[in-house]
Amino acid sequence: MRVEPGTRATVRSVEIAFSGPASADPEAAKLLREVRAEWLLRPGLPFTQEAWNEAKREAVRKLASWRYAGARIASSRARVDAQANSAALEVTLDSGPPFVFGGVEVRGTGRYPDALVENLSPVQP
């Protein structure tokens with residue numbers, strides 16, 4: 001058996017869409033712009049399955065870094081044109097519901113005042 005690899009496909013286009021509450025959340029607009037701006041697999045770059053998976057993984061990680069911890073890939077498609085050696089990428093990221101919580105409540109400190117322990121917490125309500 002002899003295999004002769006053809007010309008490597010490159011990314012022709014990328015379409016990133018959002019669904020879920022983040023898509024209509026004005027406070028999330030900056031985050032959604034960042035997800036698009038930091039997309040790893042840009043037009044002109046070589047298309048590989050590994051790079052495609054990593055780009056999607058990083059986009060979900062970025063979206064989940066704020067209040068949308070349940071972010072996931074709702075759909076994705078890479079349309080590869082073998083004759084043109086190109087790939088058109090489409091991904092929809094679903095934010096899932098926002099996760100929020102109240103302030104930190106400290107109980108049971110005996111040695112230190114509650115306020116001291118509360119002030120050390122990096123958690124913001």
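With which side chain does the side chain of Asp-94 make a polar contact? The partner is the side chain of Ser-19, at 3.3 Å; a polar contact is a pair of N or O atoms within 3.5 Å, where within protein one must be able to donate a hydrogen and the other to accept it, and residues adjacent in sequence count only if both atoms are side-chain atoms.

1. Basis. This is a predicted model, in which local features need pLDDT of at least 70 and side-chain atom pairs count only at pLDDT 80 or more, while totals for chains, interfaces and linings use all residues. Residues are numbered from 1 along each chain as its sequence is written, and side-chain values use heavy atoms, with hydrogens and water left out.

2. Asp-94. The residue belongs to strand β3, residues 86-94; helices (H or I, at least four residues) and strands (E, at least two) are DSSP runs, numbered from the N terminus. With a relative accessible area of 15%, Asp-94 is buried (buried means under 20%, exposed over 50%, partly exposed in between, with a 1.4 Å probe and protein chains only). Apart from residues up to four places away in sequence, Asp-94 touches Ser-19, Gly-20, Leu-63, Gly-70, Ala-71, Arg-72 and Ala-74; contact means heavy atoms within 4.5 Å.

3. Ser-75. This residue sits in strand β2 and is partly exposed, at 38% relative accessible area. Neighbours within four places in sequence aside, Ser-75 contacts Glu-90, Val-91 and Thr-92.

4. Helices α1 and α2. Helix α1 (residues 29-37) packs with helix α2 (residues 49-64) at an angle of about 160°, the axes being 10 Å apart. Axes are lines fitted to C-alpha atoms, for helices over the stretch in contact, and angles run from 0 to 180 degrees between N-to-C directions. The two helices are therefore roughly antiparallel; angles under 35 degrees count as roughly parallel, over 145 as roughly antiparallel, 65 to 115 as roughly perpendicular and the rest as oblique. On the α1 side the contact is made by Leu-31, Leu-32, Glu-34 and Val-35, and on the α2 side by Ala-59, Lys-62 and Leu-63.

5. Arg-61. Helix α2 also holds Arg-61, which is partly exposed, with a relative accessible area of 47%. Arg-61 and Arg-72 are eleven residues apart along the chain, and their C-alpha atoms are separated by 8.8 Å.

6. Phe-47. The loop between α1 and α2 contains Phe-47, a buried residue with a relative accessible area of 15%. From Phe-47 to Thr-10 the C-alpha distance is 4.9 Å, although the two are 37 residues apart in sequence. Beyond its neighbours within four places in sequence, Phe-47 has contacts including Val-11, Leu-41, Trp-52, Val-80 and Leu-89.

7. Asp-25. In the loop between β1 (10-19) and α1 is Asp-25, buried at a relative accessible area of 14%. Its side chain makes a polar contact with the side chain of Arg-67, at 3.4 Å. Not counting residues up to four places away in sequence, Asp-25 touches Trp-66, Arg-67 and Tyr-68.

8. Asn-85. Please look at the backbone here. Asn-85 is in the loop between β2 (72-81) and β3, and its phi is near 55°, a positive value in a residue other than glycine. Most residues other than glycine have a negative phi. Asn-85 counts as partly exposed, at 25% relative accessibility.
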